[in-house]
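Please read it alongside the sequence and the coordinates.

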Amino acid sequence: MAGRELRAKPRVMTKDTHGRRPLVAGNWKMNGLFAAGAEVESLVNRVRASAPAADVLICPPATLIRPFAAAWGQRGVAFGGQDCHHADEGAFTGDISAAMIRDAGGDYVIVGHSERRSYYGETDQVVSHKAAAAHRAGIVSIVCVGETLAEREAGRAIDVVSQQVDFSLPTLSNAGNTVLAYEPVWAIGTGKTPSTDDIVAMHHAVRTRLTARFGAAEGNRMRILYGGSVKPANAREILALADVDGALVGGASLLARDFDAILDAYRS
Ligand code: PEP
């Protein structure tokens, strides 16, 4: 009986994490107006009432970073951008720089999300340059990688993701300025997730690339998030897996109630 209970409700803090503090990040994508601050306020109140053993981040649309950070920054929830340009400034109409995100109160920026890669043709090289821009600005890059369904079905998932890891991270990446996010493209917004064995195998493969390139100490300190249809119902199981250091959450981050239920995985 006790064994069954343990499997149904795994404890995330028992695995060897090399001291990595988990991060649970919400990606609001192009959703949310100023009034959505009510959800942030609700989330902040929930996090303050019962602090999870994890960093908590919301990446709202760029227009909302400043008002959200001004109202609720330094209160247990950090804010970040969803993309930045690779240049520090210049004639790039419509773009925003990493320094602008920082100036608005952001501490993180997502780069290389699969929607950016597929809709805007962003290559690993572009993603690497964006991550480097984030580092120059003094904010943390969350670098997204992930295979398509066709690549997984062809048995190429680990090769594809390993290559993305190799080429999407700039040379000066380290555990302080970089977070990896493994997000299978076919799992984003679909309600589908890989098997737990597949998640563990992929995170192990990513960890191996990181330690090979940055050395064992640094590579083991870098956080690797899982993203793709993380919900309250599956979060505890996924977040308990080896080398899963948190989650990048899309749809379920829009409502404070759902996002906070995911954070329960990091509450005792
Ligand atoms: C995402 O957009 O990064 C994502 C993981 O979305 P969802 O959680 O909705 O699948």
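## Backbone, dimensions and cysteines

Gln74 is exposed, with a relative accessible area of 81%, where exposed means over 50%, buried under 20% and partly exposed in between, computed with a 1.4 Å probe on protein chains only. The model is a predicted one, in which local features need pLDDT of at least 70 and side-chain atom pairs count only at pLDDT 80 or more, while totals for chains, interfaces and linings use all residues. Residues are numbered from 1 along each chain as its sequence is written, and side-chain values use heavy atoms, with hydrogens and water left out.

Gln74 sits in the loop between α3 (62–72) and β3 (78–81), and Lys29 lies in the loop between β1 (23–27) and α2 (37–49). Neither is a glycine, yet each has a positive phi, as tabulated here.

| Residue | Phi | Loop |
|---|---|---|
| Lys29 | about 50° | between β1 (23–27) and α2 (37–49) |
| Gln74 | about 65° | between α3 (62–72) and β3 (78–81) |

Most residues other than glycine have a negative phi.

Along the principal axes, the C-alpha atoms fill a box of roughly 60 × 40 × 35 Å.

Of the 268 residues, 52% count as buried. Among contacts (heavy atoms within 4.5 Å) with a separation of 6 or more, 74% are accounted for by residues 24 or more positions apart. The protein exposes about 12,300 Å², of which carbon and sulfur atoms supply 52%, the areas coming from the Shrake-Rupley method with a 1.4 Å probe.

How many disulfides does the rule count? With a disulfide defined as a pair of cysteine sulfur atoms within 2.5 Å, the count comes to zero. Cys59 is in no disulfide, and the nearest cysteine sulfur, that of Cys144, is 9.4 Å away; Cys144 likewise is in no disulfide. Cys59 counts as buried because its relative accessibility is 0%, and Cys144 is also buried, with a relative accessible area of 1%.

Key
Helix = DSSP H or I, 4+ residues; strand = E, 2+ residues; numbered from the N terminus.
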